[in-house]
Amino acid sequence: MNSLNRQKRMDKICIFGGSFDPLHLGHLAMAETAHREFGFPKITLMPNNATYYKQRKTEDTSSHRLAMVRLCSEHYSYLTFSDMEIRRGGTTLTIDTVEALKREDPEREVYFLLGGDSLAWLDKWVRADELLAMTHFIAAVRGDVGKTEAKALIQKYKEAYPGSDIQLLSLPEIRISSTAVRERIAGGKDFRELVPPCVADYIEEHGLYGWKRPETL
């Protein structure tokens with residue numbers, strides 16, 4: 001199921017990791033902007049399994065999350081996907097993923113796309129010093145305030161980790177979260193304007209997040 005294995009080797013790869021529970025239009029905007037601004041042939045969506053900082057309190061949705069990511073990769077030409085982290089199981093660590101990608105192709109440059117909020121604690125990630133030495137990071141930020149704060153953080157990291165490469169990606173103001181999508185669905189409210197059509201159809205087809213078909217008279 002891993003589409004990375006079916007592609008010819010790329011000189012550089014941009015990983016966009018996350019829970020994608022579910023994937024929404026904010027994720028698409030971030031991926032599309034990175035694709036356009038940095039010239040990556042594809043952005044690789046990589047759903048994580050379980051993170052050490054955010055344990056899942058609900059049922060395992062790995063198969064559904066992966067299916068929704070796969071559907072989006074089929075509908076949007078700038079996307080591909082990988083099931084590497086879900087297949088690996090256990091706690092997802094970015095350093096394990098980067099090392100696995102480097103073993104596959106030692107010459108390939110690995111880029112990692114992350115949100116501006118994650119940038120604030122990048123130095124707390126497991127084996128951050130090795131990760132910053134091996135990986136190029138692209139931090140997506142919104143608005144002038146976010147950009148100013150991100151630039152200060154990047155300068156701090158460059159001083160603490162010489163040779164690290166962190167670049168900024170400016171995004172439009174699209175404030176959507178997976179939590180908000182799930183809450184809308186559970187509350188019986190319309191959610192289709194927040195997610196890609198293929199994701200909305202899948203959620204309804206499988207009754208995810210408490211979705212119920214509206215009663216008709």
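**Close-up views of a predicted model**

**View 1. Strand 6 pairs with strands on two sides of its sequence listing: strand 1 and strand 7****.** Strand 1 (residues 12–18) runs parallel to strand 6, and five bridges join them. In this predicted model, Ile13 stands opposite Val110 of strand 6. Strand 7 (residues 136–142) also runs parallel to strand 6, again with five bridges. Here Phe112 stands opposite Phe137 of strand 7. Strand 6 covers residues 109–115, and six of its seven residues are buried, so the rest of the structure largely encloses it.

View 2. Helix 4 spans residues 94–104. Its buried residues are Thr94, Ile95, Thr97, Val98, Ala100 and Leu101.

**View 3. Helix 2 packs against helix 9****.** Helix 2 holds residues 62–75, and helix 9 holds residues 197–206. Their axes lie 9 Å apart, at an angle of about 145°. The crossing is right-handed. From helix 2 come Ser63, His64, Ala67, Met68, Leu71, Cys72 and His75. They meet Cys198, Val199, Tyr202, Ile203 and His206 of helix 9. By class, this contact has eight nonpolar, four polar and no charged residues.

**View 4. The largest nonpolar core has 42 residues****.** Phe16, Ile43, Leu79, Leu113, Leu169, Phe191 and Ile203 touch the most other members. Helix 2 gives the most to this core, with six residues.

**View 5. Ile43 and its contacts****.** Neighbours within four places in sequence are left aside here. Ile43 is then in contact with Cys14, Phe16, Ala31, Ala34, His35, Tyr78, Leu79 and Thr80.

**View 6. The loop between strand 1 and helix 1 holds Phe20 and Pro22****.** Helix 1 covers residues 25–38. The peptide bond from Asp21 to Pro22 is cis, with omega near 5°. Phe20 is not a glycine, yet its phi is positive, about 50°. Phe20 is also buried, with a relative accessible area of 2%.

**View 7. Tyr209 sits in the segment after helix 9****.** Tyr209 has a positive phi near 60°, though it is a residue other than glycine. Is Tyr209 buried or exposed? Tyr209 counts as buried, at 16% relative accessibility, because buried means under 20%.

Terms used
Residues are numbered from 1 along each chain as its sequence is written. This is a predicted model: local features need pLDDT of at least 70, side-chain atom pairs count only at pLDDT 80 or more; totals for chains, interfaces and linings use all residues. Side-chain values use heavy atoms; hydrogens and water are left out. Buried means under 20% relative accessible area, exposed over 50%, partly exposed in between (1.4 Å probe, protein chains only). Helices (H or I, at least four residues) and strands (E, at least two) are DSSP runs, numbered from the N terminus. Two strands pair if DSSP finds at least two bridges between them. Axes are lines fitted to C-alpha atoms, for helices over the stretch in contact, and angles run from 0 to 180 degrees between N-to-C directions. A crossing is left-handed if the near helix is turned anticlockwise from the far one by less than a right angle, and right-handed if clockwise. Contact means heavy atoms within 4.5 Å. Ala, Val, Leu, Ile, Met, Phe, Trp, Tyr, Cys and Pro count as nonpolar, Asp, Glu, Lys and Arg as charged, and the others, Gly among them, as polar. A nonpolar core is a set of buried Ala, Val, Leu, Ile, Met, Phe, Trp, Tyr and Cys residues joined through side-chain atoms within 4.5 Å.
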